[in-house]
Each structure stands twice: as structure tokens, then as C-alpha cells.
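Here is a short briefing to read with the model open beside you. Take it one topic at a time, and find each part as you go.

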Amino acid sequence: MRLFIAEKPSMAAELSKCLPGPLSRKDGYIITGGGVITWAFGHILRQAEPAEYDEKYKKWRIEDLPIIPQTWNLLVVDSCRKQFAIIENLINQATEIVHAGDPDREGQLLIDEVLDYLHNEKPVHRILLNALDEKSIKKAIATLRENQDFYNLKQSALARARADWLIGMNLSRAYTLAAQRAGHRTTLPVGRVKTPTLALVVRRERELEAFKPLEYFTVKADFKHENGVFTAYWKPREEQPGLDSEGRLTDGTVAKALVEKVKSAKTGVVVLCDTAEKKDPQRLPLSLSSLQVMAGKKFGYDPQLVLDTAQTLYERKLTTYPRSDCDFLPESQHSDGAIILENLCMSSQKELSAWAAEADRSIQSRAWNDKKITAHHAIIPTTEKCNFASLNDTQKNIYFLIAQSYIAQFFPVHVYSQTKVELDHGSETFTASGRVIVELGWKKIFAADSEDKEDKKDEDGGMLPAMTKGDKADLLGVKADKKSTKPPVRFTAATLLAAMKEIHKYVKNPDLKKQLKDVAGIGTEATRATIIKELIDRRFLQEEKKKKYLIPTESAYLLIDALPDELTYPDSTALWESILHRMAEGSENLAVFLEQQAHFTSNLCNIAKEQNIPLKEGHVCPQCGQGILQLRNGRNGQFWGCSRYPDCKGAYDDEQGQPKKPEHPCPRCRQGSLQLRKGKNGDFWGCTRFPACRATCDDDQGKPRMAAQPATSVQAAQ
């Protein structure tokens, strides 16, 4: 018996339609003429919690950290016990198994871990379902691969899961306990990807708070050449006075003098004129991240909505697998272009219909490249016809973006002529740049998008008259425009997701920045949207209503300020993602990676043990001066105890909702209180914070004589 194990019921249902009949539906599986199909519900096994390794971990204690499992335990998810038993029974009956998890890292693991948990030794094949239309599924069934080919992908997924466990379970406990010692009654969740993502927003907000606009000047001049008028911009020399570190002219006096100097010379000479034909290849089809960013900019959709909508379109067989980090296509799929474009020609969406009709089906853009394909490919329309009337507005818009990017692959490359000019005028250099479009090509499809408009009005914008080196140009006018630097823009969910993907821009170490430039960011296509949503749901971020800017809450500042740079900067996480990527390719070792993670976790737990987080506003403990008094319930009623218990056992009676102040506060440290003690030479009063504070006072009829005495009395008392 051939047993297919799908990742979820919807995939199993589509598979069953493409296997020989008849179909017989049972409880938890489907029998077909081509085999039996069962399914999971995503992960039906979960990693054991710390307390499931050892009862002592139920209570969070700093001395128990770090918790490093010697063997990693999985447990059946309670809600999946019935389905798990069905899968186990079917595996026992099977002669061969087909792994039908999603074609990505997580999809590989969640079926493999079930097979490993049940010690399966039967042959396992792998089906890669990048689309759920009938043609794609039948083709995938006919081209099964050996599951062993994806062993390294599973190792990478295991490494990710276990690293997340080590950091999440240990460092969340460590820094929560550190915060509680300072009187903060909160939980600080630390995540390998989540924490540096939150830190990006916190740092951006602080940049905005500290921002002070800087005024600077741009000098531009209009020149008349015999073939026409053009505008050029002043280019400063390296030794030019009045420039800041960014090369901006900030000295108004220098700017004014420069304008007068340029005015004094009437004619300039063209000293450089280079014209070159340049080509922009077709914009690649969409990965999930690029779709989420594009939909966020164009329609204001948050990443989770885009993912959910793309998933719906996939399940309706209209588009291919949505959780793809790839923006290339298999060369064999180029032949499907004729069918897909024909369907789009008949679309009720007028723009798509017009573009598809104009497309040249013989063009094969750089997108079709087998060397760039792993388990999945870019998100594109399937060969199924799309009935736009059956879609809601969000689905229409997401399908539009996917189809638009696909159609662009069948338009010519964008060709333009780029001219760069340098002009010597009054011993100053002016530059101008312009372009002439030779063939609009694929950019015709994106002409309405602001980022693709060609009518730019800056230095790289307009048309230039024809000219050659040595030509003369007369000055018509020159001026210095006063400008101000702009503050950084707050993140939205879409731009934060883009930052996660291009994380090399935000790493702290400049050497690592170069190394990580080609890494596909932090998180995965499937998890980035979920991470951002979770930060909002847990109230670490709040979304501004109108423009949907993300603003950190007080909890976000507390968390990020409490943690060391190793957790808040993305350097380590981005480097780990690079290692996980190489592990999927077979060039990294799981055991070595986890050993490094355990060492990293252990070091940060030790740092947390000594961490002094700023005290929460409230009543500072008079005994230790390092904790905050918190109202607690005791056997004899409420009392105030130090947040650093058991290290500090300071306790005070409650007096109408306030801690009863010490009767005799220490006059020296003002944090402890004086207590009557017995010494070799009789009773004396000493500070509760001894030996940190060695204040002593003589006893005066049961009260301290409020004049500090030498510490010899305390030493004698010891």
C-alpha cells in the first residue's frame, strides 16, 4: 500500500482528486485507486517544555539556567492525538510512503519528525506540490523524488527549531527574572528573530526623538547649449571648505560666495560627455516577501493579510505555493506561459487582459533558471482561469500583482540611452545626467507605479541636448537652494518586513554587513508576518490608525533596554540564518551549530544573573537599596517584600496601602535602616545594609543616637 501523508486536509483533498478512483472517505484518511491519503494539521508533534524534562523547571529560578536538553523530546499535541493514531496505524500497514508536506524547510520537518518519532524504516518518497491545480499535481505525482534527498533541509529545520527553543526558553526566563528583581512585574519574551526585529522599531523611534534637522545647500545652474537648455548641479572638490562629513554644503556664506563666483564667468566648457546604452532586465516574479512589500506600499495591506490571501488563492488553485522565498521559475514551466497568458487575455480585469494580449510568448526572461530553484519557485498564476467576479477586493488586488509580475516576463527588456556630462565653469565643476528611452519594454506594465516613473526631475532625470566634449555652454542663471535633512521614516508592517529581509543594512559589525549582504534576511517567508503580528498582539508595538506606522510601547523599551547587544542587534541572528541556509545545502553540521547555540545561551544567562535593570518607580527597598518593595499576601495578611527575594529578605508591614517606613532610617546611606544589635561593648545600632554600609550609632535609652560612629563597634559585634 502506498501512503501519502499531506501537511493538511485541504492538500489531501486536492491530491485525492488526481489519483485514480474510486474514492472512499474514511475517518482521518481517503482511499483511492492510487493509494491511501492521510494528513497532519501542521505540526502534530511539539517540543517538550522545560518542566517536561524535569519537574524542578516548573518554577523559574536563575540558578537552574541554562537548561540544555541532552536528548530532545517530542510529544504529541493533545488536540491531534486521534489523527496521530490514525497516521501511526496507516504507516504500519504501508509498504511505501510519500511525504507530501509543503515544499519548504518547515514542511519537510513536520512530516519527517512524525516518521522519525515512529521509527519508520519503510521507503519514503517526496512529492513537491508548488501548485494545487490538476496539471501541476499530476506532474508532481509522476516525478516523485527520494525523501533522503531532502535530509539536509530537515537538519536545517531541526537546527532552527532547537535554536529557537534554547534562546526562547532560557533567555526569556533569565531576563524576566532580572526585570522582576528590579520590581517589574512582567514577562520579557526573548526570541531569536522577534527581539532584533522589535529593536529595529525601538531604535528608529529613538532616532526620530533625537533628530535635529540640518540645513544644507544645493547649487544648481541653468546653461544654454546651441542644441538646447539644461540644468546642471555643482560638484564640490574633495578639499572644498564648508562641507559636512556627508559631503553636503552646510555653510551659507560659502554657498553665497560660490554663487557669486559662478556668476562672474559667463561661459562653460563641456569636459566630459559619455553616452551609453543600458538595459534593465525584466523585474523578477514575486516571492512572498516581495509580494508583501509591494502590496503594503500599493494597497496598505499588512503582511499577514497578504499571506492569508495568497494562501486562499493557492487553495483555490489560482496561484502557486505562497510561502516561497524564491523569485525564479523552472525552465520547464516556460511552456505553460501560452496557456496562462491566454487565460489572462480573457480576464475581466482590463489591464491584465490588455497586457497579456500584447505579451510576446517567445520571450524567455532571466526568471526561468533551474540553477536558482530549490524546493519551490516564484509565486505565479496557475493554468486555471481566474473568475474575478468570484474574488473579494483584496483577493483581486493580490492576484493582480502576481499576474502583473508574471506578464512582465513576456515583455522586452527596458532599453535606454544614459548620458553623463561634466562642465567646467569658472573653475567649478557642474554635472548633469539624463536618459532617453529607446524601448520602454516591460516597464510599460509598471508605468503607473510611482517608483517606475521615468519623468524624474532630479540630477538623474530629464532630457539633455545633444553635445560633445569641448562644446561651450552659456550660463543663464545660478542659485543655491536651501534644504533640510529629513527625519527617518517610521516603520510600517510592510517596510519592517522588508527590513527583516534586507537585514544586512542594520547589522552593527561593518565586516559582517558585507558578509551577510546575500543572506535572505532573518526569519522565513512563512514566519516574518507572524512575528510582526505577534509583536502587535502582545502590545510591544502599536499601529497608528491612519498611516499604520509602528510605534513601540513602554514594554518594548523595557525589553530592549534590558537586553545586551547580542540579542537586540541582528548580527548573530543573521549569521545563524546564513548557517541554516548553508546547512540546507549540506555544508554545515547540526551538532556543531547546536553546540555553538548552547554556548551562546549559557554566556547570556550568566550576563543576566549580574544584570542590573533600572528599578521600577516605587518604594526602593530600605534594606538592600537594589530592589523595589512589592505588596504581597502572607500568612498574617498583606506585607511589603523586596523584589530581590530571596537574595534580600527585606519585609515591611502594610500601612494603608503603603509600606510602613523604617522607624530609624540610616543617616549615612539613606537606603537601609538602623537595627539594635549586641556587641562586645554593649548594645549598638547598625545599618541593615552591612557590610555595604558600615554606619553605626550608640544606643540612647532604646533609640539610636543620630550621630555616626566609627565602624569599630560593628566589627567588634562580629
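Two strands pair if DSSP finds at least two bridges between them. Keep that cut-off in mind for strand 20 (residues 651-655) and strand 21, which pair in the antiparallel sense over two bridges. Their count therefore meets the cut-off of at least two bridges. This is a predicted model.

**The whole protein**

- The protein has 21 helices and 25 strands.
- Its radius of gyration is 34 Å, while the globule rule gives 27 Å for 718 residues. The protein is therefore more spread out than a compact globule.
- The C-alpha trace spans about 105 × 90 × 45 Å along the principal axes of the protein.
- Of the 718 residues, 49% count as buried.
- Take the contacts in the protein with a separation of 6 or more: residues 24 or more positions apart account for 71% of them.
- The accessible surface is about 35,400 Å². Carbon and sulfur atoms hold 48% of that surface.

- Where strand 20 meets strand 21, Asp 654 stands opposite Pro 659.

**Strand 7 and its two partners**

- Is strand 7 (residues 96-100) mostly covered or mostly open? Strand 7 is mostly covered, with four of its five residues buried.
- Strand 1 (residues 2-6) pairs with strand 7 in the parallel sense, over five bridges.
- In that pairing, Arg 2 stands opposite Glu 96 of strand 7.
- Strand 8 (residues 124-126) also pairs with strand 7 in the parallel sense, over three bridges.
- There, Val 98 stands opposite His 125 of strand 8.

**Helix 6**

- Helix 6 (residues 151-181) has 31 residues.
- From first C-alpha to last, helix 6 reaches 45 Å. That is close to the 45 Å expected at 1.5 Å a residue.
- Helix 6 is mostly covered, since 26 of its 31 residues are buried.
- In an α-helix there are 3.6 residues a turn, so residues three or four places apart point the same way.
- Gly 183 follows helix 6, and its phi is positive, near 95°.

**Two loop residues**

- Lys 508 lies in the loop between helix 14 (493-501) and helix 15 (510-515).
- Why does Lys 508 count as partly exposed? Its relative accessible area is 48%, and partly exposed means a value between the 20% limit for buried and the 50% limit for exposed.
- Leaving out residues up to four places away in sequence, Lys 508 touches Asp 565, Tyr 569 and Asp 571.
- The side chains of Lys 508 and Asp 565 are joined by a polar contact of 2.5 Å.
- Lys 508 and Asp 571 are 63 residues apart along the chain, but their C-alpha atoms are separated by 6.6 Å.
- Gln 240 lies in another loop, between strand 11 (228-235) and helix 8 (252-264).
- Gln 240 counts as buried because its relative accessibility is 9%, and buried means under 20%.
- Leaving out residues up to four places away in sequence, Gln 240 touches Trp 234 and Val 254.

Conventions:
Residues are numbered from 1 along each chain as its sequence is written. This is a predicted model: local features need pLDDT of at least 70, side-chain atom pairs count only at pLDDT 80 or more; totals for chains, interfaces and linings use all residues. Side-chain values use heavy atoms; hydrogens and water are left out. Buried means under 20% relative accessible area, exposed over 50%, partly exposed in between (1.4 Å probe, protein chains only). Contact means heavy atoms within 4.5 Å. A polar contact is a pair of N or O atoms within 3.5 Å; within protein, one must be able to donate a hydrogen and the other to accept it, and residues adjacent in sequence count only if both atoms are side-chain atoms. The radius of gyration is taken over C-alpha atoms; the globule rule is 2.2 Å times the number of residues to the power 0.38. Accessible areas come from the Shrake-Rupley method with a 1.4 Å probe; for residues, only the protein chains shown count as cover. The expected span of a helix is 1.5 Å times one less than its number of residues.
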